[in-house]
Amino acid sequence: MSNTSENPNPSSSSAKITLKTSDNELFEVEEAVAMKFCTVKQYFEDEKDNDVAARGSSTVIPLPNVHSAVLARLISYCKKLPQSNAVADNHEEEETKKKERKQYGTPGDLVDLISAANYLDFKEGLEFFNQALADHIQNKSVEYVRKFFGIKGDFEPHEEEKYREEYAWAFEGVDED
Amino acid sequence: MESNSKRQRISYSVKSNRQIKYQGVLIQHNAPRLHWFRLKCAQNYESSHVNAWIYQALRRHVQKLHLCVPTVHGDLFRTESLVYLKLGTNFVLNVPTSVLLPSLKTLHLNSIEFSDDASTYKLISSCPVLEQLFTEECGMKNIRCFNISAHALKCLAMECAILDHEYATEFCGYKIVIDAPKLEYLRLYDYVAEGYHFKNLKSLIEAQVHVDLSTRKIEQRDRAYYGQKVLELIKGIHNVKVLHLTGDSMEALMLSGSNLPTLHNVSHLEVNANKLVGCIFLPDLLKSVPNIRALDIGEFLSKFLSNRIRNVPNVALALREFLLNRIKSVINIRALDFGEGLGSKWGVAEYKGSISTISHNIFKKAIVQEAEDRVYHREKEEKDGINRLPCKVLCHILSFLPTKYAVGTSILSTTWKNLWSSVPNLNFDDELLLHGRRPGSKSTEDLRVSFSSFVDRVLKLHNAPHIHRFHLKCGQDYEPSQVNAWICSAVRGKVQELDLCFPMRNSKYSLYCGLFTSASLVNLKLGTKFVLNVPASVLLPSLKTLHLNSIEFSDDDSTHKLFSSCPVLEELSIVKCGMKRIRCFKISGPILNRLTIECAIEDEYSTKFCEYKIIIDTPALEYFRLYDFVAEGYDLKNLKSLTEAQLHVELSTPKLEQKGYAYYGQRQLELMKGICNVKKLHLTGDYMEVLKLSDCNLPTLHNVSHLKLSVNKHSGWQFLPDLLKSLPNLLALYFPMGLVHERGGDYRWDQPEWVPRCLLSCLKKILIWQFQGQKGEYKLVKYLLQNASVLSVFCIKSHNNLTIEEELKISKMLLFLPRGSKTCQFVFS
């Protein structure tokens, strides 16, 4: 992932940034990768403004809301990101993308990833994982989705009955599992 | 004392012999502002002195003032800085004529006596930001109408029912009027008043009510009279969610003899009955709170009930039924012993948020507490749950779903209930309604009605500030007016991306005309089968992408008007559109970057004749794709920026019969001349055939550096040498579909005697995919390899169907082919 066109200083394109997760793991990532996370970028830029001398690897950026396991997956996703954001026009490409989205496994994992991506303000990741989660909800019964995501139905029984009647048209022909 | 600190607190209990000293403190104290000033005088001081002290505090912009003095300074009622005021003394509160306490948030009156109705009302209504008002043990004997009107008031506590106090007014001869739209908490401990007039208590969350019937009162009037008054009170607080009633209140209610109003909002009820009558009233009370979720029966009642249960069997039965059937959680019910085996069932106390703690902690809103509890429990129980994501993210997730499924999430839980309505994307597809349905189970008419009402309802309930993307796809025929109403909603919602796909048999149908003047529209896709009637006024100032699929153009002028009314249009795609009314297809756009025209389709709109001329004037065009029958003429102007062109032009048989090859050859020449600046050129086999048959002399295309070719069934590579001849600067040659047509066909390659210049001087790269190893293929490859003198990369991919042996054979054969370039790299995969 070269960004030489943006960065006049070629040496800094390979500069590393150290991120510290909630469980005190240290991650050394390429600047280009770290800059995908707007929260990190903002922090990094603020740091740069504050202290010109403190640059690159000397800065450790704390991410108290992100666990190391999640960050590792986000970074690996980030590295896989295509260079160009070409729109998937044809059907085949859309199918491959769908398959790719399915790889991110359990809903809990996805929620972790989304939560972290949201905290890091990582736009592409948020787009991708949210879509992956949406794939899971699509055309599924209420019971399935509740079970899948551990949502507790907190409506009163009569209330729920009322809504179900009201939104009956939204439940026509959904898969039961 | 830290006299320099900004926040100061002076708290003295002054003894008479220290009067002078005390004054000295005030004088020496030199902080610019006083934060808290508390003065409590147990003895009588000269009122002038006390007033002077208070004045000192007021002068220093005191914010919190707590006075326990026999008299107060009139300026007190005009203090701008005062936020908190507590007056706790036995004196008549004479309110001066001019009162304004603009910052006062808390007013606490303890044991003072109100002088009259008007001045009391004036005092309270002169505190515009008053949030908390407490009156405790105050003398009310001069009051006939206690009128509290405060717009910011959140918390009100009135406790006057004191018997043993000199101001006690056992008669409570006044009416209580409250007008407080923001009131959340109300505590009333008093004798029954002469009337209750509560207005605007819409925000009320919690109320604690204790109204006593004094003997003297009952002597005066009958019990029913006062029962009515209590009913008035309950009606006034009917919005309340958390209600605490004392036994006396319940008794008074029972005496009213009339039916209680239904209190729909009450979810928590605490009763603390100390009298048998109150206890007997409990079943009736429970009837009027249909949505109760938690019931706290005070300990006294519990004991009382358990002792007397056999004496009041109807109460016990009613309670049992009620508790078993309707209540989810009961607190303190364990203390009850209703007899054999039932206790355990009734003792199910699922509810964890303790209502009793709420009742003691009067300033805490019960609902907030409950919500916090719920969140806490949810977090604990659903650590992996999706609900921990912020609403913004959940909305984003829903935005990927067709609206049907997004709406379906509304009954997942309360968090999700209204989430879908803020999702900026709407995606309607009537096919989803058919999904999973057995054919014939519902007539299409039913489906249409059901889909229509679905869309209507969603649009009505949707409340995102803007619609970002609106997608409507219908397989059925809907009422034109209805479809247009939907589109209208989208346009009004400042839609940016509009994707419409619906059939319309009504030939007079016109799209909602507001669509053509939408200032917000960036992306428009029309994929429908109807005539595109463009209205007289068109302006799409933001439109960047326009995709037209399967629509039919109405005439030349309106079509051109549409294209030229999009000043920032960057991408235009016209696919499978009906062109039979078009004679001159004119496309122009100052910044149009990508243009696709794909009309060579033989369905109902296909115009095999293609009886129109194509005029293109687009100075910024970089990508041009044309898949069509040969047109009646091409006038391509200004294609200076053209980088890539994909061309497929077919000759239809009826045309050839009409006019000869030569005529169409001329047309090809026009097209080729128009795109002469192109750098990357893709040609299909059919097009090469047309070029060959029309026998035209291609113009030299100096800029073409990349050429991609495919082959058709009949013509093979006969035209390749001529084509290469007109591309003197070609760098790379690609055959992505291989050298042989998929379905076989004639393979024709007549090796020319001569060699095109580009092969000798500049062609660096040849790529052939789907190589099958046929004889003819080797011939062509041999010719290219032999003559490409400066070739640096030669890359061949074999066809997927080949075995490893066949692949090995091919690679051997290819390796032994003679090469014109000494430095060529050969890649086989």
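How many aromatic pairs are there over all chains? The count comes to 23, where rings of Phe, Tyr and Trp (its six-membered ring) pair if their centres lie within 6.5 Å, and planes under 30 degrees apart count as stacked, over 60 as edge-to-face and the rest as tilted. Two of these pairs are tabulated here.

| Aromatic pair | Centre to centre | Angle between planes | Class |
|---|---|---|---|
| Tyr196(B) and Phe198(B) | 5.9 Å | 75° | edge-to-face |
| Tyr509(B) and Phe530(B) | 5.3 Å | 90° | edge-to-face |

This is a predicted model, in which local features need pLDDT of at least 70 and side-chain atom pairs count only at pLDDT 80 or more. Residues are numbered from 1 along each chain, and side-chain values use heavy atoms, without hydrogens and water.

Tyr509(B) and Phe530(B) are 21 residues apart and link distant parts of the chain. Both Tyr509(B) and Phe530(B) are buried (under 20% relative accessible area, with a 1.4 Å probe and protein chains only). Tyr196(B) is buried too, at 5%, as is Phe198(B), at 12%. Ring pairs also join Phe428(B), Phe451(B), Phe454(B), Phe470(B), Tyr478(B) and Trp486(B) into a cluster.

Helix α2(B) covers residues 47–59; helices are DSSP runs of H or I with at least four residues. Buried residues in α2(B) are Val50(B), Asn51(B), Trp53(B), Ile54(B), Ala57(B) and Leu58(B). They cover an arc of only 160° around the axis, so they lie on the same side of α2(B); the arc is that of the directions from the helix axis to the C-beta atoms. After α2(B) comes His61(B), with a positive phi near 55°.

Notes:
Chains are lettered from A and ligands numbered from 1 in the order in which they are written. Helices (H or I, at least four residues) and strands (E, at least two) are DSSP runs, numbered from the N terminus. The expected span of a helix is 1.5 Å times one less than its number of residues. Buried means under 20% relative accessible area, exposed over 50%, partly exposed in between (1.4 Å probe, protein chains only).
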